[in-house]
Amino acid sequence: MPAALRAIEPAVEASPARPVLHARGVAKRFSNGTLAVTGVDLDLRAGEFVSLLGPSGCGKSTLLRLIAGLGEASAGRIDWPTTDHDSHGRPMRDVGFVFQEATLMPWATAQRNVMLPLILKRVPAKEAAARADAALEAVGLGSFLQAYPRELSGGMKMRVSIARALVTRPRLLLMDEPFAALDEITRQKLNDDLLALWARQRFTVLFVTHSVFESVYLSQRIVVMAARPGRVIADVATDAPFPRDASFRISPEYAAACRTVSAKLHEAIVS
Ligand SMILES: Nc1ncnc2c1ncn2[C@@H]1O[C@H](COP(=O)(O)OP(=O)(O)OP(=O)(O)O)[C@@H](O)[C@H]1O
């Protein structure tokens with residue numbers, strides 16, 4: 001296996017049966033009284049690509065943040081059945097997070113940005129640099145290691161952000177509308193490149209989007225949420241085989257899956 005791929009190999013073997021996350025009855029009420037999500041059940045298995053789809057305000061980001069440990073659930077449980085626990089019995093969540101904004105350090109090169117999570121884990125600088133270079137190569141930025149964010153396009157910045165999230169080989173990659181701010185052509189290219197990377201590495205992905213088309217193109221399962229209060233109303237499997245490419249986008253199978261998911265999204269909006 002080329003070094004670039006080995007460097008961001010996931011810590012978990014891809015196995016469709018191996019559970020990564022098991023959430024039951026998860027609720028979050030904020031201090032102002034807003035019930036952002038309630039009664040959420042969600043299972044993720046190793047190597048799965050799952051999308052969370054729903055209208056604005058249905059609690060997609062809140063759920064992602066709870067899974068990442070960036071906030072406590074008000075009720076319910078989020079278990080990590082195959083994850084080690086620390087001495088206080090807390091799960092070592094081991095997630096990578098990609099936000100809608102690339103959130104790069106503007107004063108640092110692409111390489112230094114991607115090294116950051118490794119440096120925070122006290123990985124020696126030389127090893128961190130080598131792993132950052134390999135991760136950047138894997139997202140197609142091998143020639144931009146020393147570029148600063150201001151020298152990169154929006155799509156390239158997002159690639160750096162993905163490399164930074166994957167460089168620690170997380171058990172679960174959480175992506176919160178990562179491509180929403182990009183133009184359609186760049187977005188489709190990044191969809192393709194993300195799928196190609198996922199096919200090689202088989203990390204587990206939970207991907208938040210507003211787009212039916214994006215969710216159907218990328219995912220094996222689409223979890224549809226409704227708002228007020230935020231809750232899961234459907235879990236739709238998309239059986240089309242991988243790899244998926246431009247021909248899938250114009251296939252009857254894709255159109256049919258988009259219709260099914262659109263109908264669920266419509267239910268979510270009117271419910
Ligand atoms: N920190 C907070 N304090 C109070 N209410 C919040 C907070 N964060 C989110 N909310 C509310 O919780 C609900 C769910 O918000 P959330 O951002 O999770 O939804 P979303 O589906 O990700 O929305 P969008 O698609 O617009 O990003 C909304 O009503 C939102 O206003």
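# Helix packing, one term at a time

User: Why is A130 called partly exposed?

Analyst: A130 has 16 C-beta neighbours inside 10 Å, so it counts as partly exposed. The cut-offs: 20 or more other C-beta atoms within 10 Å means buried, 12 or fewer means exposed, and in between is partly exposed, with C-beta atoms placed from the backbone. Keep in mind that this is a predicted model, where local features need pLDDT of at least 70, side-chain atom pairs count only at pLDDT 80 or more, and totals for chains, interfaces and linings use all residues. Residues are numbered from 1 along each chain as its sequence is written.

User: Where is A130 found?

Analyst: A130 sits in helix α4. Helices here are DSSP runs (H or I, at least four residues), numbered from the N terminus. The C-alpha atom of A130 is 8.9 Å from that of M115, 15 residues away along the chain.

User: Which residues of α3 are buried?

Analyst: In α3 (residues 110–120), those are A110, Q111, N113, V114, M115 and L118. They pack against α4 (125–138) and α5 (154–166).

User: What makes α3 oblique to α4?

Analyst: Their axes cross at roughly 120° and come within 8 Å. Axes are lines fitted to C-alpha atoms, for helices over the stretch in contact, and angles run from 0 to 180 degrees between N-to-C directions. Under 35 degrees is roughly parallel, over 145 roughly antiparallel, 65 to 115 roughly perpendicular, and the rest oblique. That's why α3 is oblique to α4.

User: Which residues make that contact?

Analyst: A110, Q111, V114, M115, L118 and I119 come from α3, and A128, A129, R131, A132, D133, A135 and L136 from α4. "In contact" means C-beta atoms, placed from the backbone, within 7 Å. By class, the contact of α3 with α4 has 10 nonpolar, 1 polar and 2 charged residues. Ala, Val, Leu, Ile, Met, Phe, Trp, Tyr, Cys and Pro are nonpolar, Asp, Glu, Lys and Arg charged, and the others, Gly among them, polar.

User: What meets what between α5 and α6?

Analyst: G154, G155 and M158 in α5 meet T186, K189 and L190 in α6. The contact of α5 with α6 divides into 2 nonpolar, 3 polar and 1 charged.

Definitions and conventions: Helices (H or I, at least four residues) and strands (E, at least two) are DSSP runs, numbered from the N terminus. Two residues are in contact if their C-beta atoms, placed from the backbone, lie within 7 Å.
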